[in-house]
Amino acid sequence: MKIIGLTGGIGSGKSTVLALFKALGAVTYVADTEAKKLMNTDEELINQIVKLFGEKAYEQGELNRSYISSIVFNNEEKLNALNALVHPKVREDFQHFIKNQKADFVIYETAILFESGSDQFCDYVITVIAEMAHKIERIMKRDSVSETQVLERMKNQSADDFKIKKSDFVIRNNHLEDTKNQIFTIFELLKKLKLK
Ligand code: ADP
């Protein structure tokens, strides 16, 4: 089974692109969603997070996301420490997930594919990009936030150029119809790659 990494900056349209691949029949795994689940269910991980952030990290058995976000936002060391706890767990979970799959390829979506080193276990990488104005507008609308808040979030992400250089495929998600055509082409190519 081939593993296809799918990444891109905030608002580029990763989730949208993934949903379109899924609609074509692709098996998909969203690292962020699974990470959230694991942070609420994996005993070992919960204990490690409490050690790192204190008892306030959980409220009535649920991860206190706003508390954690407020800490890691301006504290790279804590963010790295959190990522170092969560990523191995997600990778482990993904290994279990693919064991039960019979598909020729699985698409693994994460905003931090390269940053987390997960590109190393991918056979191919797809990066989704979009024009800056589109990304800002989409996030403002999706998350009901100001332009300043969007720019603040983007500040911590690595540049598209860096991701493009390390990718096998790039999807330009500016106009949806055009995006769908690119996805269809890549999907057909991925199906053929299994023959290799
Ligand atoms: P990401 O997962 O990369 O942060 P999303 O897929 O959530 O991005 O897209 C951000 C927002 O923009 C969503 O509300 C989505 O519906 C919208 N969107 C994505 N692609 C397009 C597009 N090509 N045209 C218009 N809106 C789009």
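Me: Why is Glu34 called buried?
Reply: Glu34 has a relative accessible area of 18%. Buried means under 20%, exposed over 50%, and partly exposed in between (1.4 Å probe, protein chains only). So Glu34, at 18%, counts as buried. Note that this is a predicted model: local features need pLDDT of at least 70, side-chain atom pairs count only at pLDDT 80 or more, and totals for chains, interfaces and linings use all residues. Residues are numbered from 1 along each chain as its sequence is written, and side-chain values use heavy atoms, with hydrogens and water left out.

Me: Where is Glu34 found, and which residues does Glu34 touch?
Reply: Glu34 is in helix α2, residues 31-41. Helices (H or I, at least four residues) and strands (E, at least two) are DSSP runs, numbered from the N terminus. Leaving out residues up to four places away in sequence, Glu34 touches Tyr29 and Asp93. Contact here means heavy atoms within 4.5 Å.

Me: What makes strand β6 largely enclosed?
Reply: Count its residues. In β6 (residues 124-129), 6 of the 6 are buried, so the rest of the structure largely encloses this strand.

Me: How do you know that both faces of β6 are covered?
Reply: In a regular strand, side chains alternate between the two faces of the sheet. On one side of β6, Tyr124, Ile126 and Val128 are buried. On the other, Val125, Thr127 and Ile129 are buried too.

Me: How do you know that β6 pairs with β1 and β7?
Reply: Two strands pair if DSSP finds at least two bridges between them. β1 (residues 2-8) and β6 have 5, in the parallel sense. Gly5 stands opposite Val125 there. β6 and β7 (residues 169-172) have 4, also in the parallel sense. In this pair, Ile129 stands opposite Arg172.

Me: Which helix supplies the largest share of the shell around the ligand?
Reply: α1 does, with 3 residues. α1 (14-23) and α6 (132-143) each supply at least two.
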